[in-house]
Amino acid sequence: MHLPLNALRVFEASARHLNLTHAAQELHVTQTAVSQHIRNLETHLGKPLFRRLPRGLALTDEGQALLPIVSESFGALQRALEQLADSRPREVLTVGVVGTFAVGWLLPRLRDFQERHPFVDLRLLTNNNRVDMAGEGLDYAIRFGDGAWHGTHAEQILEAPLSPMCTPAMARGLTQPADLAKLPLLRTYRAEEWSDWFANVGLPCPVLRGAVFDSSLTLAEAAAQGAGVALLPVKLFSRELSQGRLVRPFTLELSKGTYWLTRLQSRSPTSAMDAFRQWLLSCMHPF
């Protein structure tokens, strides 16, 4: 079947505006040309795509079914052409990332970075906050801490205070922080976090009898499955909160560090590194 691409472009613009005059202005053609393209496309398909109203247009059922397909197709074509037009040579960028940050923040936004910077071949290596940047050949490492790493340039990107999180069923028995002493308190290798949180609320830390985990990801999953209460960075587990798998019985938070974008001071930034850094900071501080 011959594809009338010009007519499909006119249809997409007319369907967005639901106004032939506005579509003609966007496409820099006459309103008569827009009307003719739509009639030709309707004849080609054997179905009406618009209903003509006294003021504007309305899509028929057939038009509503066609619009998202046409819009996505033109969008994919535009992205492909932009990639072909990018004359910059492709660059490999290797980034080490704390697993919690990778899953909770970076992965949901990864497609945006790839679409904006198609010349970058991004390689992600996850870790538990222990990295050897030189030994692993990392351009950047996103890590959690106080920003003081020897021989490293560190730029703060995200504060992630900790708060108790557990299942909704477990939270129903918690009316005040002291009630936490009755439940298993799950923890990572940073054993002082619970004692510091209880100190912040003016209570002695109870005996810690929950399991110990080597990452916040497994810690959160254990909490979501009802194994106990976990101290977690809320900003990186918003998906679990929105899904109702985890809730915050108390809003009191504990600040134990920040996420940083780090590189060796001896490492000169490349074009790919600059692109990643600027994109990351623009996501953190959009205004």
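The largest cavity has a volume of about 190 Å³, a volume being the space filled by probe spheres set on grid points joined across faces, edges and corners. A cavity here is a set of points, on a 1 Å grid over the protein atoms alone, where a 1.4 Å probe fits but cannot get out; lining residues have an atom within 4 Å of a point. The count comes to 1 cavity of 30 Å³ or more. This is a predicted model, in which local features need pLDDT of at least 70 and side-chain atom pairs count only at pLDDT 80 or more, whereas totals for chains, interfaces and linings use all residues. Residues are numbered from 1 along each chain as its sequence is written, and side-chain values use heavy atoms, with hydrogens and water left out.

The lining of the largest cavity comprises 19 residues, and Val 98, Thr 100, Arg 190, Ser 216 and Tyr 259 lie nearest its centre. At least two lining residues come from each of α5 (99–106), α10 (216–224) and β9 (229–233). Helices (H or I, at least four residues) and strands (E, at least two) are DSSP runs, numbered from the N terminus. By class, 8 lining residues are nonpolar, 8 polar and 3 charged; Asp, Glu, Lys and Arg count as charged, Ala, Val, Leu, Ile, Met, Phe, Trp, Tyr, Cys and Pro as nonpolar, and the others, Gly among them, as polar.

In helix α9 (residues 192–200), the buried residues are Glu 193, Trp 194, Trp 197 and Phe 198. Viewed down the axis of α9, these residues fall within an arc of 130°, so they line one face of the helix; the arc is that of the directions from the helix axis to the C-beta atoms. Their cover includes β7 (162–165), β8 (185–186) and β9. On the other side of α9, Ala 199 and Asn 200 are exposed. Buried means under 20% relative accessible area, exposed over 50%, and partly exposed in between (1.4 Å probe, protein chains only). Just after α9, Gly 202 takes a positive phi of about 80°.

Positive phi values also occur in His 28 and Asn 129, each a residue other than glycine.

Glu 12, in helix α1 (residues 5–17), is buried, with a relative accessible area of 7%. Not counting residues up to four places away in sequence, Glu 12 touches Leu 67, Val 70 and Ser 71, contact meaning heavy atoms within 4.5 Å.

Conventions
1 Å grid on protein atoms, 1.4 Å probe; cavity = no way out; pocket = protein on both sides within 12 Å on 5 of 7 lines; lining within 4 Å.
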